Amino acid sequence: MEPQALTVVHLTADDYEAVRAIWEAAGLPVKPGGRDSREQFVRQMAGDLQAVIGVKQGGELVGVVLTTHDGRKGWINRLAVRPEHRRKGIARRLIDEAERTLRAQGMQIIAALIEDGNAASLALFEQAGYSDFRGIHYLTKRDSDAV
Ligand SMILES: CC(C)(COP(=O)(O)OP(=O)(O)OC[C@H]1O[C@@H](n2cnc3c(N)ncnc32)[C@H](O)[C@@H]1OP(=O)(O)O)[C@@H](O)C(=O)NCCC(=O)NCCS
């Protein structure tokens with residue numbers, strides 16, 4: 001039987017549970033008491049700073065990505081594909097739509113932060129035309145460990 005077609009969709013705050021389930025299935029760190037709570041997700045989705053894009057196969061959400069911009073630069077965040085659906089080009093579809101979304105918002109530079117040792121993600125972004133900008137330290141100040 002032919003595999004069902006993949007469709008790229010823009011998601012809303014109502015898709016919170018499904019999005020979070022994919023992040024968890026993909027092993028991404030989720031902060032349910034902080035920036036990944038439903039309340040924060042709804043807040044982040046108000047306005048045009050954040051978009052959440054998904055890929056569905058036969059009605060099932062199989063991958064997601066979150067774009068944000070700060071007015072100067074676009075960011076690709078929280079890219080995740082269900083383990084059983086990997087290596088089918090789903091992440092590339094998500095990156096392509098994330099780029100289209102950010103360019104439509106006026107962003108001419110698009111960036112992603114990738115943890116050391118995440119070879120799959122590094123290979124993916126390099127294959128998508130991103131270059132590794134070395135020599136930057138990522139410093140953060142957090143209001144608590146939960147955020
Ligand atoms: C990284 C991740 C999103 C890739 O999703 P995916 O849908 O399997 O990726 P794609 O099928 O679109 O891969 C496109 C290309 O990226 C590269 N790539 C993807 N996964 C790879 C892997 N495990 N090892 C080496 N290269 C890989 C390959 O060049 C691949 O092309 P190919 O399959 O023709 O060789 C997925 O492995 C994942 O969800 N990982 C856990 C969450 C995560 O680390 N997210 C990134 C946070 S920055």
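Guide: Let's start with a cut-off: a residue is buried when its relative accessible area is under 20%, and exposed when that area is over 50%. What you see above is a predicted model.

Visitor: Fine. Why is Q44 called buried?

Guide: The relative accessible area of Q44 is 17%.

Visitor: Where does Q44 lie, and which residues does it touch?

Guide: Q44 is in helix α2. Skipping residues up to four places away in sequence, Q44 touches R35 and Q50.

Visitor: What makes the pair Q44 and Q50 a polar contact?

Guide: The side chains of Q50 and Q44 come to 3.5 Å. The cut-off is N or O atoms within 3.5 Å, with one able to donate a hydrogen and the other able to accept it, so 3.5 Å still counts.

Visitor: And Q50 itself: why is that one buried or exposed?

Guide: Q50 has 9% relative accessibility, which means it goes in the buried class. Q50 sits in strand β2. Beyond four places in sequence, its contacts are F41, Q44, M45, L66, T67 and T68. The word contact there rests on heavy atoms within 4.5 Å. As for Y138, 88 residues along the chain from Q50, the two C-alpha atoms are 21 Å apart.

Visitor: What about M107: buried or exposed, and why?

Guide: Buried, because the relative accessible area of M107 is 5%. M107 is also in a loop, between α3 and β5. Leaving out neighbours within four places, M107 contacts H69, G71, R72, K73, G74 and L102. For M107 and H69, which are 38 residues apart along the chain, the C-alpha atoms are 7.7 Å from each other.

Visitor: Let's look at α3. How do you know its reach is close to the expected one?

Guide: Helix α3 has 15 residues and spans 21 Å from its first C-alpha to its last. The expected span is 1.5 Å times one less than the number of residues. For α3 that comes to 21 Å.

Visitor: Which residues of α3 are buried, and what do they pack against?

Guide: They are I90, A91, L94, I95, E97, A98, E99, T101 and L102. Their packing partners are β1, β2, β3, β4, β5 and α4. Just past the helix, G106 takes a positive phi of about 95 degrees.

Visitor: Where do R78 and R87 lie, and why is each called buried or exposed?

Guide: R78 is in strand β4, and its relative accessible area of 17% makes it buried. R87 is in the loop between β4 and α3. At 85%, R87 is over the 50% mark and therefore exposed.

Visitor: Which residues are closest to the ligand?

Guide: L79, V81, R87, G89 and N118, out of 19 residues that surround it. R87 turns up here and is still called exposed. The two go together because relative accessible area takes in protein chains only.

Visitor: Which elements supply the shell around the ligand?

Guide: β4, α3 and α4 give at least two residues each. The largest share is from α4, with five. By type, the shell has eleven nonpolar, four polar and four charged residues.

Key:
Residues numbered from 1 in each chain as written. Predicted model: local features only at pLDDT ≥ 70, side-chain atom pairs only at ≥ 80, totals over all residues. Heavy atoms only, no water. Near = heavy atom within 4 Å. Helix = DSSP H or I, 4+ residues; strand = E, 2+ residues; numbered from the N terminus. Nonpolar A, V, L, I, M, F, W, Y, C, P; charged D, E, K, R; others polar. Buried < 20%, exposed > 50% of the residue type's maximum accessible area, 1.4 Å probe, protein only.
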